[in-house]
Amino acid sequence: MGIWFRAPRLTESESVIWKKVANRTQSANRAVGGRLYLTETRLIFEPGHFDVLTGGRPWSTPLHAIHRIGSQDRDGSPFNGGLRNRLRLDLADGSVELFVINDLDVAIEVLERATASA
């Protein structure tokens, strides 16, 4: 897809309908740079090429598994994205995913619309 970002692996019935540069909180001490991709059925995070080399992992979830979309207030941690308010996804399995993303309110609206129709 490019020099910085990897392309997501899509099924034959999927296409990317929205994408945004983001950092995913991978652990308490690490945020991984990459890009979020929204398809008709999934939300996908692909780490950037450099982050893959340093242990960054891809992530995805079906849209129907996202139970709540909102924001997580900053917690002051400089290593996992906690210096900014983050996109918060509460998932069906009880886990939480956090992403640093510009235009947070717009991203929340886009994802709420997508999950409402999933």
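Start with strand 1, residues 16-27, and strand 7, residues 96-101: they pair in the antiparallel sense over three bridges. Pairing here requires that DSSP finds at least two bridges between two strands. Strands are DSSP runs of E with at least two residues, helices are runs of H or I with at least four, and both are numbered from the N terminus. One of the pairs is Arg 24 with Phe 99 in strand 7.

Before I go on, this is a predicted model: local features need pLDDT of at least 70, side-chain atom pairs count only at pLDDT 80 or more, and totals for chains, interfaces and linings use all residues. Residues are numbered from 1 along each chain as its sequence is written, and side-chain values use heavy atoms, with hydrogens and water left out.

Seven strands form an open, antiparallel sheet in the order 4-3-2-1-7-6-5. Strand 4 (59-62) and strand 5 (66-72) each have a single partner strand, so one side of each is left without a neighbour in the sheet.

Next, helix 2. Its 13 residues should span 18 Å at 1.5 Å a residue, and the end C-alpha atoms are 18 Å apart, which agrees; the expected span is 1.5 Å times one less than the number of residues. Leu 104, Ala 107, Ile 108, Val 110, Leu 111, Ala 114 and Thr 115 of this helix are buried. Buried means under 20% relative accessible area, exposed over 50%, and partly exposed in between, with a 1.4 Å probe and protein chains only. The face turned away from the buried side carries the exposed residues Asp 105, Arg 113 and Ala 116.

What do the buried residues of helix 2 pack against? Strands 1, 2, 3, 5, 6 and 7, where contact means heavy atoms within 4.5 Å.

Last, the largest nonpolar core: 22 residues, with Leu 43, Leu 87 and Leu 89 having the most contacts inside it. Such a core is a set of buried Ala, Val, Leu, Ile, Met, Phe, Trp, Tyr and Cys residues joined through side-chain atoms within 4.5 Å. Helix 2 gives the largest share, six residues. Among the residues that Leu 87 touches are Leu 104, Ile 108 and Leu 111.

Technical notes
Lists of a residue's contacts leave out its neighbours within four places in sequence.
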